[in-house]
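Keep the structure open beside you as you read.

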Amino acid sequence: MAFTLYQLDGCPYCEKVADRMDELDLDYETVWVDALHSERNEVKEVSGQRGVPVLVDDDRGVTMAESEKIVEYLDKSYA
């Protein structure tokens, strides 16, 4: 599996996703983003917006934002 999680240090929404991925024993790469929205160009290129968290699931060709949707996707797809 090839997951990339874009997150911001101290972001509770990002931590929620990371915690769920750990609970599901999913390996993932973390890309730490800048606190300034205007500096989150890599996130914008990947997802079309600058908010985090953003999960990229390369195996399934899925890119998504919003922690609730990501956790729901993980539970539905990998639990």
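## Charged side chains and cysteines

Glu 23 has a relative accessibility of 57%, so this residue counts as exposed, the cut-off being over 50%. Please keep in mind that the model is predicted. Through salt bridges with shared partners, Glu 23 belongs to one network together with Arg 20 and Asp 75.

Let us stay with Glu 23 for a moment. Its salt bridge with Arg 20 brings the closest N and O atoms to 2.8 Å. Both residues sit in helix H1, three residues apart, which is about one turn of the helix.

How many salt bridges does a search of the whole structure find? The count is four. Side chains of opposite charge can pair when their charged atoms come close.

| Salt bridge | Closest N and O atoms |
|---|---|
| Glu 68 and Lys 16 | 2.2 Å |
| Arg 20 and Glu 23 | 2.8 Å |
| Glu 66 and Lys 69 | 4.0 Å |

Lys 16, at 34%, is partly exposed. Lys 69, the partner of Glu 66, is also in the partly exposed class, with 48% relative accessibility.

Asp 9, Glu 15, Asp 19, Asp 22, Asp 25 and Asp 27 form a negative surface patch. One of its members, Asp 19, is located in helix H1, which covers residues 12-23. Is Asp 19 buried or partly exposed? With a relative accessibility of 44%, Asp 19 is partly exposed, because that value lies between the 20% and 50% cut-offs.

Finally, a look at the cysteines. A disulfide is a covalent bond between the sulfur atoms of two cysteines. How many disulfides does the structure hold? The number is zero. As for accessibility, Cys 11 is buried because its relative accessible area of 9% is under 20%. Cys 14 is buried as well, with a relative accessibility of 0%.

Notes: Residues are numbered from 1 along each chain as its sequence is written. This is a predicted model: local features need pLDDT of at least 70, side-chain atom pairs count only at pLDDT 80 or more; totals for chains, interfaces and linings use all residues. Side-chain values use heavy atoms; hydrogens and water are left out. Patches are made of residues with over 30% relative accessible area and no salt bridge: like charges are joined within 9 Å, nonpolar side chains (Val, Leu, Ile, Met, Phe, Trp, Tyr) within 5 Å. Accessible areas come from the Shrake-Rupley method with a 1.4 Å probe; for residues, only the protein chains shown count as cover. A salt bridge is a side-chain nitrogen of Lys or Arg within 4 Å of a carboxyl oxygen of Asp or Glu. Lys and Arg count as positive and Asp and Glu as negative; His and the chain ends are not counted. The place of a charge is taken as NZ of Lys, CZ of Arg, CG of Asp or CD of Glu. Helices (H or I, at least four residues) and strands (E, at least two) are DSSP runs, numbered from the N terminus. Buried means under 20% relative accessible area, exposed over 50%, partly exposed in between (1.4 Å probe, protein chains only). A disulfide is a pair of cysteine sulfur atoms within 2.5 Å.
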